[in-house]
Amino acid sequence: MKKPADLIYGVDERPPLLDSVVVALQHVIVIAVNLIYPLLLARQAGLSGDATAAMLRIGMVALAAGVLLQAIPRGPVGCHYLAPAVYASPFLAPGFLAIEVGGMPLFWGMTITAGLAMLVFASIWGRLRTFIPPESAGLVVFLVGATIGVAALRLLHRPDGTVGTADSLVTLIALAVMITLNVWGKGRLRLFSILVGLVCGYIVAAVTGLLEVEQFRAIANQPVISMPSIDHMAWSFDVRLVIPFAVTALATAMVTTAIVATCQRITDAEWVRPDMRSIVSGIRGDGVSTVIGGLLCSFGLAIGPANAGLVAATGVASRVVAYTIAALLALAGIVPAFAGLLTVMPAPVMAAGLLFPAAFIMINGVQVISSRVLDTRRTVVIGAGILTFLLVAMFPRTFAGAPDWLQSIVGSPLVLATIVALSLNLVFRIGIKRSVAMQIAPEAFQPETVEQFVERHAGGWGARRDVVARVKFALLQAVEAVVDLSDRKHPIDLTMSYDEFDIGTTLTYRGEPMELPDFPPSKDEIMEVGGDRLLAGFLVRRQADKAHVTCKDGLCVLNLHFRQ
């Protein structure tokens with residue numbers, strides 16, 4: 001793993017205590033934004049104010065556990081990155097369904113079921129990787145960012161679709177501070193950009209009257225330390241809700257796959273493809289965290305996409321920060337004023353805190369998508385996913401007539417768009433050949449035919465653009481050399497195969513074996529007869545990850561392997 005130039009602290013580095021605390025506080029504030037999800041469910045279920053406060057405070061313990069589980073340096077649980085857990089938005093739709101059937105106890109019980117389902121999915125996720133190509137993962141990353149952005153804009157708008165002048169002022173000032181410090185700030189100014197922006201948002205909200213003095217007085221009058229009540233805790237189960245919550249678990253696992261891939265990309269300058277071991281461990285960590293959230297009567301947990309964006313925005317990816325985040329969350333659980341200060345965050349300030357990292361997440365998704373060669377199939381998959389997302393986001397009642405058990409799928413823009421994209425990807429696999437071949441006539445060799453052959457099939461496979469360029473260059477060098485070495489009476493057979501990750505090529509011909517030197521030939525060697533073939537052989541070996549040639553009874557086989 002190589003630390004990117006735009007990261008200030010890498011995964012294994014230890015930032016100073018002050019930096020760690022301030023960055024952790026920014027993560028806690030971003031985590032606090034998702035408190036809106038259990039608050040909405042509690043309001044819908046008619047939970048009392050004291051019970052709601054107790055639920056939120058106990059939930060801080062579940063969040064702290066989720067943060068620590070993901071940051072474990074090694075082992076089968078956790079993605080091993082700074083990837084704080086938050087209350088996961090996919091649980092909101094099935095939550096409303098559970099409340100209608102059996103209230104909050106049923107939601108908490110089914111949350112445990114969803115956590116167990118995630119553990120089951122984690123056990124087979126590695127086998128499903130061929131059905132989740134990188135560009136689809138990039139699409140999900142993009143849609144996660146779009147989901148956060150849409151949620152932020154909805155917070156900012158009134159029910160009639162208008163935006164208040166004071167609300168706009170607060171959001172614009174907070175965003176302006178964040179952007180200014182992040183773009184032009186240096187050192188700690190960049191580290192603290194989001195926190196400073198949120199503080200400015202609080203101040204402007206207080207000046208404009210969006211925050212009232214009574215709210216601060218109510219917080220100040222609470223005891224310094226107290227343990228939350230557990231009187232509200234209860235659980236129940238309903239077999240009819242197993243499918244909605246299992247689908248929610250599947251959708252959460254898909255989102256986690258994309259977010260962990262984003263974490264890998266953010267923290268490793270040499271990243272080329274998702275590490276499935278880290279992804280599977282991350283899904284397993286989400287499963288355990290969600291079970292804990294259900295047992296503590298809180299909410300479903302998953303790695304926070306906005307927090308991944310915050311890592312990119314601040315440049316701090318150190319796992320050490322996770323311990324500080326967990327400590328602050330645990331503190332919030334026993335200090336009522338701490339949690340109270342987060343819960344009174346004005347909607348415009350929340351909107352600014354969501355919009356800023358959403359931009360980073362969306363661009364990360366675009367980068368993953370654009371790193372692949374996109375043929376018609378993959379273009380349709382990505383386009384259909386985005387259009388499905390826009391359909392449900394803009395017209396939420398499009399599928400209002402769908403059965404209740406489907407509402408958790410069709411009611412969520414992210415979940416439905418993800419399922420549509422992955423389903424189309426599965427369908428479009430039909431007709432894609434994993435091994436293709438062509439014959440080359442030595443006496444009539446034309447380089448452009450090899451280039452077109454590679455581009456046409458690599459596009460169908462969704463190979464990375466830089467890998468395709470390497471394959472084309474190496475094959476052109478190899479074929480030109482083989483043409484000189486071959487018996488021109490027989491054609492040269494070119495075979496290219498793809499196993500979802502790597503590209504392999506084979507040139508079979510009759511003639512002399514091609515030399516593949518480990519070191520470049522000297523100028524004198526190049527000027528000698530056959531020197532051009534020596535140079536070509538060196539270039540081929542340098543471009544391919546593996547290259548070897550065998551020859552028996554005049555039949556030579558040149559094998560090249562390219563890793564993605």
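What percentage of the 564 residues of the protein count as buried? The share is 54%, where buried means under 20% relative accessible area, exposed over 50% and partly exposed in between, with a 1.4 Å probe and protein chains only. This is a predicted model, in which local features need pLDDT of at least 70, side-chain atom pairs count only at pLDDT 80 or more, and totals for chains, interfaces and linings use all residues. Residues are numbered from 1 along each chain as its sequence is written, and side-chain values use heavy atoms, with hydrogens and water left out.

View 1. Helices (H or I, at least four residues) and strands (E, at least two) are DSSP runs, numbered from the N terminus. The C-alpha trace spans about 90 × 55 × 45 Å along its principal axes. Contact means heavy atoms within 4.5 Å. Among contacts between residues at least 6 apart in sequence, 80% join residues at least 24 apart.

**View 2. The largest nonpolar core holds 134 residues.** A nonpolar core is a set of buried Ala, Val, Leu, Ile, Met, Phe, Trp, Tyr and Cys residues joined through side-chain atoms within 4.5 Å. Phe107, Trp125, Met178, Phe245, Ile325 and Leu329 touch the most other members. Helix H4 (residues 92–124) gives the most to this core, with 14 residues. Leaving aside neighbours within four places in sequence, tryptophan 125 is in contact with Ile132, Leu250, Ala253, Met254, Thr257, Met276, Ile279, Val280 and Ile283. Another core, of 40 residues, lies apart from the largest one; Val471, Ala474, Tyr509 and Cys556 are among its members.

**View 3. Helix H13 covers residues 320–334.** Its 15 residues reach 23 Å from the first C-alpha to the last, close to the 21 Å expected at 1.5 Å a residue. That expected span is 1.5 Å times one less than the number of residues. The buried residues of H13 are Val321, Ala322, Thr324, Ile325, Ala326, Leu328, Leu329, Ala332 and Gly333.

**View 4. An open sheet of 5 strands runs in the order E3-E4-E5-E7-E6, with antiparallel pairing.** Strands E3 (435–440) and E6 (546–552) stand at the edges with a single partner strand each, so one side of each is left without a neighbour in the sheet. The twist averages 15° from one strand to the next. Two strands pair if DSSP finds at least two bridges between them. E4 (residues 492–498) and E5 (residues 503–510) pair over 6 bridges. Aspartate 493 has threonine 508 of E5 as its bridge partner, and leucine 494 has leucine 507. E5 and E7 pair over 8 bridges. Arginine 510 has leucine 555 of E7 as its bridge partner.

**View 5. Helix H20 (residues 465–485) lies across E3, E4, E5 and strand E7 (555–562).** The helix runs at about 5° to E5. Axes are lines fitted to C-alpha atoms, for helices over the stretch in contact, and angles run from 0 to 180 degrees between N-to-C directions.

**View 6. Serine 486 lies in the loop between H20 and E4.** Serine 486 counts as buried because its relative accessibility is 10%. Not counting residues up to four places away in sequence, serine 486 touches Pro442, Ile492, Tyr509, Arg510 and Gly511.
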